[in-house]
Every structure is written in structure tokens, then in C-alpha cells.
Amino acid sequence: MRRLFNAPPAEPTGAERVRSILTAADSMTVVTDEGCTEVSRLDSTGGPERIHLHPPSGRGADTEPEPGAAPPVRATVEFTDVAPAPVRDRVRARVVLTGWLLDSPAHAATEGSRCMELSHAVLEREGRRTTVGLEELMDAETDPLAVCEAGMLTHMSDEHGDIVELLLRLVKPRAEQGIRRVLPLAIDRYGITLRLEYDTSHSDARLPFPARVDDPDQAGERIHALLNTARHRFGRNRLLSDS
């Protein structure tokens, strides 16, 4: 992945990515020995079933269940992170959580919900799999832009193509011919990623922010800083003139 000039890499850790994907997701696939079930996490009275995640209490499939409770069920919960903008190959990452589903009344947070005692997570991204341990996952911060990322990227893609083209000036190397379309792929507290699409392939370009975002209100300021850099350091960009 290309980066802006010689700036050091500034990207979320695997644990931060997992936490952010879980926060933004509104649906998941629960897989047990009994099969697959699509589950919603949207909170609404009388709405679909929800899953609440908890650290393990030291129990497992061989542990004696609480009185009146069904034994824990070994399960995986799968999440798919899909790019909001209509880029080529929209699946950005997949997350699989492994643990036990509990039916214990003591663990049920609300009616129509179940709890999952978490063992570990696996993040699949850019063809690589990373195992994230429970302690690392529990200590990681959720990206402050996680819940508003989709709206930000959709707005930029639909209403501000000029901003995307201006950001393209910061991609190194600059004069790579054959680009047919550029769209915003992702944004997080550390930077924004563009997807560069060619006739039969694509690549991603990472543009780090000058400082990390600690509040969603700071995102606009960070993007404007990148735009100002693009305006002042380069002349008119003709990269897409042949498109």
C-alpha cells in the first residue's frame, strides 16, 4: 500500500480494527453445530435477537451449567466489513469471534438476547489472517470514526469527487497512468485510504493524517490539512486526463 511521501505508517492495530468493525456492524452470522443464523444487533423493543459479548468466566463446554440454564454452546460469530462506496471488491475485512453462547438468565442482558463468552478473534484482511487475543481486544480502543465512517465516505464519493481527485495528488508515485476511477475506500482516526481502479485491477493508497483523530469533529480538520498540502505542493493534476 502506498503512503504519503516518507511519513511513517500510521494505521489501526488488528485489535483496533476488530473493535471498530464490531461497533459499526448491525448484523452478523452465528455458526454452531446446529447451523448458521443471521442475527441483528439493532436495538429496538421487540426487535430481532441480539448478541452481547463478554470475557470468559472460566467456563466452557465441560463446565457444569448454572441451575435452570442450558449448557454453553461452542460457536463462532462472523462479521463482514463492506466498503460504503461502490468500489471494486467491496469486502474490506472479515472478523470471526470464537467462544460460547450462553442461555443463562444471569447473562441475558435484555429480552430476545443471548450472551457470548469470548475466546479470541481472527481478522482477515488483504489476504492475511491475524489472531487477536482476548486481552488485546479488551484493551483496544474503538475508532471514534467507526460509526460515522459510512456516512462520511458516501458523502465524499457522491458529492465531493473534486476532493477525492485533489487527494490523489498526494499519492506516490504520482504519474501512474491507466487509472480509470478513484473512490474513498476507508477512513479511520489515523488517515484515509483511496482505491485506485484500473481496467482489470486496483490498488489502495493510504494518506496518513498529520495527527490522529480523537473526536469525530476533528475529522474535517484533518482532511482539510491533507487538501492544503495537495494544493500547495503540487500544480494541476492531470493524472485522470486520459480517463
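Which residue in β6 is the bridge partner of Val-73? Select Val-73 and look across to β6: the partner there is Leu-101.

Before moving on, a word about what is on your screen. This is a predicted model, in which local features need pLDDT of at least 70 and side-chain atom pairs count only at pLDDT 80 or more, while totals for chains, interfaces and linings use all residues. Residues are numbered from 1 along each chain as its sequence is written, and side-chain values use heavy atoms, with hydrogens and water left out.

**Stop 1: the strands.** Now select β5 (73-82) and β6 (91-102). Strands are DSSP runs of E with at least two residues, numbered from the N terminus. β5 and β6 pair in the antiparallel sense over 10 bridges; two strands pair if DSSP finds at least two bridges between them. To see one facing couple, click Val-30: Val-77 in β5 stands opposite.

Stop 2: Follow the chain from β5 towards β6 and pick Asp-89, which sits in the loop between them. Asp-89 is not a glycine, yet its phi is positive, about 60°. Its relative accessible area is 45%, so Asp-89 is partly exposed (buried means under 20% relative accessible area, exposed over 50%, partly exposed in between, with a 1.4 Å probe and protein chains only).

**Stop 3: another loop.** Finally, select Glu-126, in the loop between β7 (113-125) and β8 (128-133). Here too is a residue other than glycine with a positive phi, near 55°. Is Glu-126 buried or partly exposed? Glu-126 counts as partly exposed because its relative accessibility is 42%.

Methods. Helix = DSSP H or I, 4+ residues; strand = E, 2+ residues; numbered from the N terminus.
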